[in-house]
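Subject: Handover of a structure for your review

Dear colleague,

Please find below the structure that I am handing over to you, followed by an account of what was found in it. I would be grateful if you would read the two side by side.

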Amino acid sequence: MMKRSLLSLTIGLTFLESVVPVALAAPPRSPDQTVECEILVAGGGLSGAATAYEALLSGRTVCLTEITDWVGGQISAQGTSALDERPTQRQQLFYSRGYLDLRQRIKSKYGELNPGDCWVSESCFLPKDAHNILFNQLKDAARRGKGTLKWFPSTVVKELDINQSGKLIQGAIAIQHRPVKGAPRLNTSPLSQTIEDSYRYENSPQFEKSIVRFVPQQRKKQTGGTAPDWYVVDATETGELIGLADVPYRLGIDPRSYLEPSSSSETGDRYCTQGFTYTFAMEATKEPQAHTPPSFYQQYAPYYSYELQRLADFGLVFTYRRIWSPKEGQQTKFGGVTYSAPAPGDISMQNWTWGNDYRPGTAEDNLIYSRDQLQASGQLQPGGWMGGLRTETLRKGEENALGYFHWLVAGTTDSQLGANVKQPQPNNRYLSGLDSPMGTAHGLSKYPYMREGRRIIGRPGWGHPQGFTLWEIDISRRDYNDEYYRNTLSPQTYRSLRAALAGFEAASAIAGTKPLDQIMRRSRSTIYPDSIGIGHYAIDFHPCMTMSPAETPGNKEREGERRGAGQAYPFQIPLRALIPQKIDNMLVAGKSIATSHIAAAAYRVHSFEWSAGAAAGTTAAFALENGIMPYQLVDELPRPEPQLEALKRRLQKNSNPITFPDTSIFNQNWEEWK
């Protein structure tokens with residue numbers, strides 16, 4: 001294993017950022033089993049499942065690990081089982097084949113796509129069903145493609161064996177846990193009470209551990225014999241392998257520039273990431289229920305709100321992400337939204353910004369440890385990795401979510417709208433138990449819904465000397481021709497911004513031969529020669545809070561964070577965004593691809609995760625077949641890359657779109673894509 005320099009614990013303890021040094025795990029015993037893979041996928045969310053799906057259809061042996069015992073991430077273990085989609089893309093059903101397969105399987109399960117009759121989406125359903133639906137989809141893919149799926153639930157990657165050159169992952173050590181005989185079943189305790197235990201090698205009073213060593217499957221070498229025998233894909237929710245492998249990445253807010261002109265910080269802020277959410281389910285009842293406030297309720301009560309007057313209606317909030325509705329209630333209208341009123345037996349999943357979102361944003365309470373914090377806590381020492389998250393913040397997120405349910409049913413305050421707005425709604429009950437929609441005894445999702453994690457910085461190359469990144473201006477519909485940008489950006493930066501968006505008139509903008517206000521901006525997203533997937537969603541922010549703790553009375557959202565929010569053009573997923581620096585046999589899928597903070601707010605929803613995973617799985621299979629590493633497919637751009645073109649043809653042949661219809665520098669009709 002490549003050795004990393006050790007960090008003095010004394011330095012860690014005196015480091016300015018607030019971290020708690022971890023109790024390092026005991027040295028590992030010998031692995032209990034060694035498992036061979038052609039593709040190791042860490043993270044069983046939608047992007048990891050999509051990676052496995054395409055690799056299995058290509059006949060590959062796939063090892064899939066997941067910290068929870070459910071595959072599906074957003075739609076299952078994280079409880080956000082309401083598909084985020086844009087109208088035009090949905091109307092045309094312009095999605096990856098696996099995502100369309102998933103939608104069809106949901107419809108077949110319930111006899112309709114929207115058994116919850118929600119109004120946020122065309123498809124809202126029960127998280128507890130999503131695992132079985134998706135796992136059966138993976139098994140069918142293995143059978144059809146003659147691939148092999150090796151599924152490792154309740155498993156975390158603990159160590160990576162990186163060769164002396166630092167360019168190849170040679171193996172990985174993981175820990176799988178199961179309840180000790182006589183101990184409570186899995187999902188009895190919330191994540192904050194189990195996560196640290198799951199990363200320790202030694203058995204504990206609650207878990208018996210199995211140590212798994214993943215290694216490349218022995219294969220016949222391709223011509224030349226220099227390509228790796230396997231690929232490792234980081235599809236975790238926070239970019240765990242990125243942090244563990246210590247490849248270059250970003251976290252939180254990027255510095256303001258002509259590429260990220262709406263950034264809320266001139267210098268950046270790695271502690272301000274988007275809020276995370278423990279979802280839960282509640283059921284409408286015929287009779288009023290008794291509701292006792294949690295002991296910690298008053299601590300979090302000053303935070304909760306309907307947020308906007310046009311949203312200040314309990315029925316609207318309940319039906320927003322209603323996931324089960326056996327009967328259709330009376331049609332009701334509020335704030336321009338028409339919905340069928342909640343009826344007894346209806347089940348709603350809650351995911352609300354000024355509710356169960358938890359939004360820390362300082363060095364004292366940030367959830368995802370920065371690289372400096374990882375060093376200070378000892379997690380970059382050999383054997384020291386503990387997941388890279390602040391456990392105390394997870395715990396407070398759990399309390400905040402439980403408090404939000406009490407506010408919904410019994411609260412009378414509203415932090416943003418004031419008095420006489422919130423009314424009690426006692427005819428509802430909180431759903432918990434291992435057979436509940438979330439599959440947990442405590443009723444919260446098994447893992448929080450993560451909107452943002454570590455984001456790799458791609459490799460330097462033509463047009464990207466500092467490393468490839470997808471920026472705000474690559475996707476945003478904003479015209480930037482207003483006083484804020486003129487006054488906030490320097491004249492040179494503002495001219496660079498307008499030039500970058502000028503399309504056919506870029507030369508005039510750069511040369512200054514035409515006034516900036518007369519230069520028309522392009523009406524599309526950036527087009528990439530290495531696009532291998534697609535996505536479309538608004539730039540949607542759940543900003544961090546200014547003070548610590550996040551629930552501090554009178555706390556405010558980080559000023560300026562929502563400035564970058566708004567509509568986006570249909571966008572692409574370039575292969576370069578999936579390739580990290582340093583390590584050649586690693587790909588990144590899901591929310592940890594090379595995006596900026598603002599772009600990441602659009603590159604995070606269900607269909608994007610699937611498209612990115614499909615691209616990663618297809619690329620890994622293609623690389624194995626052709627004896628070529630992914631970076632070699634793009635290292636000569638903008639010159640022609642014949643093997644890149646072959647990969648793109650395979651994706652298209654397999655009904656995995658890599659561009660939206662009529663994508664061209666000459667197409668100026670993207671306003672039609674809603």
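The side chains of R639 and E636 form a salt bridge, with N and O 2.6 Å apart. Please note that the model is a predicted one. Of these two partners, R639 has a relative accessible area of 56% and is therefore classed as exposed, the threshold being over 50%. E636, at 33% relative accessibility, counts as partly exposed.

In total, 36 salt bridges are counted in the model. The pair of E557 and R562 is one of them, its closest N and O atoms lying 2.7 Å apart. Here E557 is buried, at a relative accessible area of 19%, because the limit for that class is under 20%. R562 is partly exposed, with a relative accessibility of 34%.

A further salt bridge joins D254 to R455, with 3.1 Å between the closest N and O atoms. This pair connects distant parts of the chain, since 201 residues separate the two. D254 belongs to the loop between strand 9 (249-250) and strand 10 (276-277), whereas R455 belongs to strand 18 (residues 455-456). Both D254 and R455 are buried. Salt bridges also link E38, R60, E625 and R650 into a network. As a general point, side chains of opposite charge can pair when their charged atoms come close.

How many of the residues of strand 3 (residues 61-65) are buried? The count is 5 of the 5, and strand 3 is therefore largely enclosed by the rest of the structure. The burial applies to both faces: T61, C63 and T65 are buried on one side, and V62 and L64 on the other.

Strand 3 pairs with strand 2 (residues 39-42) in the parallel sense, through 4 bridges. Within that pairing, I39 is found opposite V62 of strand 3. Strand 2 and strand 3, together with helix 2 (residues 46-57), make up a β-α-β unit that is right-handed. Strand 3 also pairs with strand 4 (residues 148-152), again running parallel, and 5 bridges join them. In this case C63 faces K150 of strand 4.

An open sheet is formed elsewhere by 4 strands, in the order 12-15-11-17, with antiparallel pairing. Its edges are strand 12 (322-324) and strand 17 (428-430); each has a single partner strand, so one side of each lacks a neighbour in the sheet. From one strand to the next, the twist averages 35°. Strand 12 is joined to strand 15 (residues 347-350) by 2 bridges, and the two run antiparallel. R322 is placed opposite S348 of strand 15.

There is also a hairpin to report. Strand 13 (residues 331-334) and strand 14 (residues 337-340) are paired antiparallel over 4 bridges. Q331 has S340 of strand 14 as its bridge partner. The hairpin has 2 residues between the strands, and G335 adopts a positive phi near 60°.

Regarding the helices, which residues of helix 13 (residues 491-500) are buried? They are Y494, L497, R498 and A499. An α-helix has 3.6 residues a turn, so residues three or four places apart point the same way.

Finally, I draw your attention to P288, which is located in the loop between strand 11 (280-284) and helix 8 (297-300). Is P288 buried or exposed? Its relative accessibility is 51%, so P288 counts as exposed, for which the threshold is over 50%. Leaving aside residues up to four places away in sequence, P288 touches P426 and N427. P190 lies 98 residues from P288 along the chain, and the C-alpha atoms of the two are separated by 28 Å.

Yours sincerely,

A colleague

Conventions: Residues are numbered from 1 along each chain as its sequence is written. This is a predicted model: local features need pLDDT of at least 70, side-chain atom pairs count only at pLDDT 80 or more; totals for chains, interfaces and linings use all residues. Side-chain values use heavy atoms; hydrogens and water are left out. Buried means under 20% relative accessible area, exposed over 50%, partly exposed in between (1.4 Å probe, protein chains only). Two strands pair if DSSP finds at least two bridges between them. A crossover is right-handed if, with the strands pointing away from the viewer, the path from the first strand over the helix to the second runs clockwise. Axes are lines fitted to C-alpha atoms, for helices over the stretch in contact, and angles run from 0 to 180 degrees between N-to-C directions. A salt bridge is a side-chain nitrogen of Lys or Arg within 4 Å of a carboxyl oxygen of Asp or Glu. Contact means heavy atoms within 4.5 Å.
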